[in-house]
Number of protein chains: 2
Amino acid sequence: GKLLVVPMDGSHWFTMRSVVEKLILRGHEVVVVMPEVSWQLGRSLNCTVKTYSTSYTLEDLDREFKAFAHAQWKAQVRSIYSLLMGSYNDIFDLFFSNCRSLFKDKKLVEYLKESSFDAVFLDPFDNCGLIVAKYFSLPSVVFARGILCHYLEEGAQCPAPLSYVPRILLGFSDAMTFKERVRNHIMHLEEHLLCHRFFKNALEIASEILQTPVTEYDLYSHTSIWLLRTDFVLDYPKPVMPNMIFIGGINCHQGKPLPMEFEAYINASGEHGIVVFSLGSMVSEIPEKKAMAIADALGKIPQTVLWRYTGTRPSNLANNTILVKWLPQNDLLGHPMTRAFITHAGSHGVYESICNGVPMVMMPLFGDQMDNAKRMETKGAGVTLNVLEMTSEDLENALKAVINDKSYKENIMRLSSLHKDRPVEPLDLAVFWVEFVMRHKGAPHLRPAAHDLTWYQYHSLDVIGFLLAVVLTVAFITFKCCAYGYRKCLGKKGRVKKAHKSKTH
Amino acid sequence: GKLLVVPMDGSHWFTMRSVVEKLILRGHEVVVVMPEVSWQLGRSLNCTVKTYSTSYTLEDLDREFKAFAHAQWKAQVRSIYSLLMGSYNDIFDLFFSNCRSLFKDKKLVEYLKESSFDAVFLDPFDNCGLIVAKYFSLPSVVFARGILCHYLEEGAQCPAPLSYVPRILLGFSDAMTFKERVRNHIMHLEEHLLCHRFFKNALEIASEILQTPVTEYDLYSHTSIWLLRTDFVLDYPKPVMPNMIFIGGINCHQGKPLPMEFEAYINASGEHGIVVFSLGSMVSEIPEKKAMAIADALGKIPQTVLWRYTGTRPSNLANNTILVKWLPQNDLLGHPMTRAFITHAGSHGVYESICNGVPMVMMPLFGDQMDNAKRMETKGAGVTLNVLEMTSEDLENALKAVINDKSYKENIMRLSSLHKDRPVEPLDLAVFWVEFVMRHKGAPHLRPAAHDLTWYQYHSLDVIGFLLAVVLTVAFITFKCCAYGYRKCLGKKGRVKKAHKSKTH
């Protein structure tokens, strides 16, 4: 088939790329449309790549992202309001501007029009893939860990009872206290009131391109299949829709032999083994004071710590701590001598930890990281630290707990065996469903009729109103009849009494 | 692993048996517990079969079922009330009595206790499998087309918005009119008010065995995995839960060569081909008048009709209609010369029609048949007739439409290609999940936290009540303050006016 791919930069592309590569291997004609300026998208792909010039440079991108990442060390985003009010939203606007740049490139748009693709395989983060799918009326497959705000529930018409399905960013579990459930409701209200403002620029661009005012629901609601990079070993079980396919752990792969350098570190670590430490590909700087507190704690455990860090070397770095610019994270986690993984709890890292059965110390920073950390914590697979408040001692205790208390290892191994016990591998499942949408021009039989209802019809407010009206009317009439009957009886008794009185006087 | 199987008699066993046989082939130690008296369960199985004596004979079973089946030709069950009030419920009570008989057999109960099974694979229809699972605290896998009343939604804590998810027995589509949505709500109310009375005997037996009062929710809520014999080519898309696995079409299999007798019928049918007619394994008698009307209609089409019927031969049977006691339904439907399938729209028959791409004329009788028929009809794969009101002409027109109007064939072929395009075959998927539950002693990670909430917590009535109270209190205080402030201002103006007045006079 002929597939148009609209990816998202950064770590999102790591796993989407593996699906694209497999589709290419299976003989599909794939065209990837990407911005000229990007961190990860550029690397060679064995298919047609179409780029469009952007309104920003790589330096702009780096600067804005650094500001964004740095801000996470000051205040964590725990509400839509703080997300909206954040002083570092420019990074999002850079991404949102991509689509305007794409559609400015008339030659590219013409090329896409004439290519008669069978489907669009897209990462919805910057909205552009959604806009492209709608513009060319192509069936679409969304590829995401989750979707910000309530647009997944709305776009897929999927119920998410607020009583036990925590909203994102809150870091709640599925067993919420009353107070947390109240907060969960308020967050849901925030989403409905504020999210469209967060996507204001994106929606303006979309409306401009599509030449009609559109909402996020309009963009998401035609999705044929949602490939969601999660499963219910990570996430709490909740209602889903038939066109949601769970491919959590798609980034896991069989450990490869370690480069000599790392083999040597492990051999030198003796019986204590090693700890792997990485805050992901997106976080290159840690505020100095924080980095020193971390370095201090790392020096207090007997394990050798391999710390992927591109920032300035903390002056108090202990001998057991080795700083590296890059490390083969998955392969290291797969090594039997690896005792723990210090991570920001991004979904890729968490799944590598699950797949390799390594307990975690989690320092969530932004996005879904707080939620991933809470889930792993409640499932006994790790300890979460609040990066803003944590002290060196907190980190030291957390590491010693996770390494020495056997329950963490047992829990993560149980999660690992549950996760890897599946009828189809996530990558094969993803490839199957992209091909399914191409073969059948979408998946209309999986589109719920809820899309054709207004919100009050969906919640049956009209029916409940009608039934209530009927019940009240019946009750009223019954009451009136009884009252009338009662008065009648009373009237008769009254006359009988009077007659009786007049007789006895 | 070691698996206990508690099956249900009748057509339910056909497909469950294929899963059991595959599990046996894969080396699992399987013990099937079944009543001594049954229609279909007796046939040899390559595993340990434990039977228990029943309080009824095969004649009782036949008699009660005949009464039940016959009653369907008089009045169709379209509500829980009519199900409850039906004069043929004895058949259900016979089935419900199975569990009392099983637990009376102390030797069998002792055997089951000592066998330390890994899981129970059960058909929930007569409740007994559920009771056995709870009694021996074993993880359970439910195998069913659907579950009567609201016990699937409740047992799995799965939302089913009444605005577009039609309740069973009503024969509604997912695009309901306002009136139908009102009826859907009333049906839901009926379910909550009346269903427990339909299961009264069954629950008494369960409470007696478990020595504690139990509800259907108690019996269903510990289900680890629901293997549901449906999919979203047949059913309308709706919310589902992660522990629901869809294995619709598990009964389909590659067509085998036809016995000579049937090959001959087909060859003799010439260019018109054949029509297959069967009201399923459970319906052996049709009221004579109705049978004659049917025979009359069948005589008016050029195709040869192969009619599986064990009742008295209608006197007006035409030459093109051949009566047989049994026919290889699936293999006949797989033959290219088969033009149409007249069926009662049981799920097995409907899936064989989907798998083989044969349009249908549907005469639903009871249970899920009305709903299956409505679904196939709204998807353009057949025509539904009401057996009570249908005339010979109706059947004739329906047959001619389904055979001659190409759209029916196109629609059923489209459904067929959608249905058969899946990553895993239903039988393999079913076997995988039974083995999963055995390996992991259940699937606790798929159990939603909703089970730990009361109904008002689940619907957030406490949170909404609290937030409303807060809003009203704030509104009230604001109002009071404004009123007070207003009075204060008004008071001042009043004094100023008075002072002004006294000056001017």
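## A salt bridge across the two chains

In this predicted model, the side chains of B:Asp462 and A:Arg181 meet in a salt bridge, with N and O 2.9 Å apart. A salt bridge here is a side-chain nitrogen of Lys or Arg within 4 Å of a carboxyl oxygen of Asp or Glu. Between chain A and chain B the count is four salt bridges. There are also eleven residue pairs in polar contact between the chains, both residues being at pLDDT 80 or more. A polar contact is a pair of N or O atoms within 3.5 Å; within protein, one must be able to donate a hydrogen and the other to accept it, and residues adjacent in sequence count only if both atoms are side-chain atoms.

Several helices of chain A each supply at least two residues of the side that touches chain B, among them helix 8 (178-198) and helix 20 (461-504). Helix 18 of chain A gives the most, with six residues. By class, that side of chain A has 31 nonpolar, eight polar and eight charged residues. Ala, Val, Leu, Ile, Met, Phe, Trp, Tyr, Cys and Pro count as nonpolar, Asp, Glu, Lys and Arg as charged, and the others, Gly among them, as polar. Helices (H or I, at least four residues) and strands (E, at least two) are DSSP runs, numbered from the N terminus.

## How much area is buried

Chain A and chain B bury about 4,000 Å² between them, and 71% of this is on carbon and sulfur atoms. In chain A, the residues that lose the most area to chain B are A:Leu418, A:Asp421 and A:His445, together 14% of what that side buries. Buried area is the accessible area (1.4 Å probe) that two parts lose on being put together, summed over both. The contact (heavy atoms within 4.5 Å) takes 47 residues from chain A and 47 residues from chain B.

## Salt bridges within the chains

Over all chains, the count comes to 44 salt bridges. One of them joins A:Lys256 to A:Asp331, with the closest N and O atoms 3.8 Å apart. A:Lys256 sits in the loop between strand 7 (244-246) and helix 11 (260-268) of chain A and A:Asp331 in helix 13 (residues 329-333), so the pair ties together parts that are 75 residues apart in sequence. A:Asp331 counts as buried, at 10% relative accessibility. Buried means under 20% relative accessible area, exposed over 50%, and partly exposed in between (1.4 Å probe, protein chains only).

In chain B, B:Asp235 and B:Arg145 meet in a salt bridge at 3.0 Å, N to O. This pair links distant parts of the chain, 90 residues apart. B:Asp235 is buried, at 6%, and B:Arg145 is buried too, at 14%. In chain A, a network of salt bridges links A:Arg145, A:Asp235, A:Asp368 and A:Arg375.

## A buried serine in chain B

B:Ser392 lies in helix 17 (residues 392-404) of chain B and is buried, with a relative accessible area of 12%. A polar atom of the B:Ser392 side chain is 3.4 Å from the backbone nitrogen of B:Ala297. Leaving aside neighbours within four places in sequence, B:Ser392 is in contact with B:Ala293, B:Asp296, B:Ala297 and B:Lys300.

## Reading the numbers

Residues are numbered from 1 along each chain as its sequence is written, and chains are lettered from A and ligands numbered from 1 in the order in which they are written. Local features need pLDDT of at least 70 and side-chain atom pairs count only at pLDDT 80 or more, while totals for chains, interfaces and linings use all residues; side-chain values use heavy atoms, leaving out hydrogens and water.
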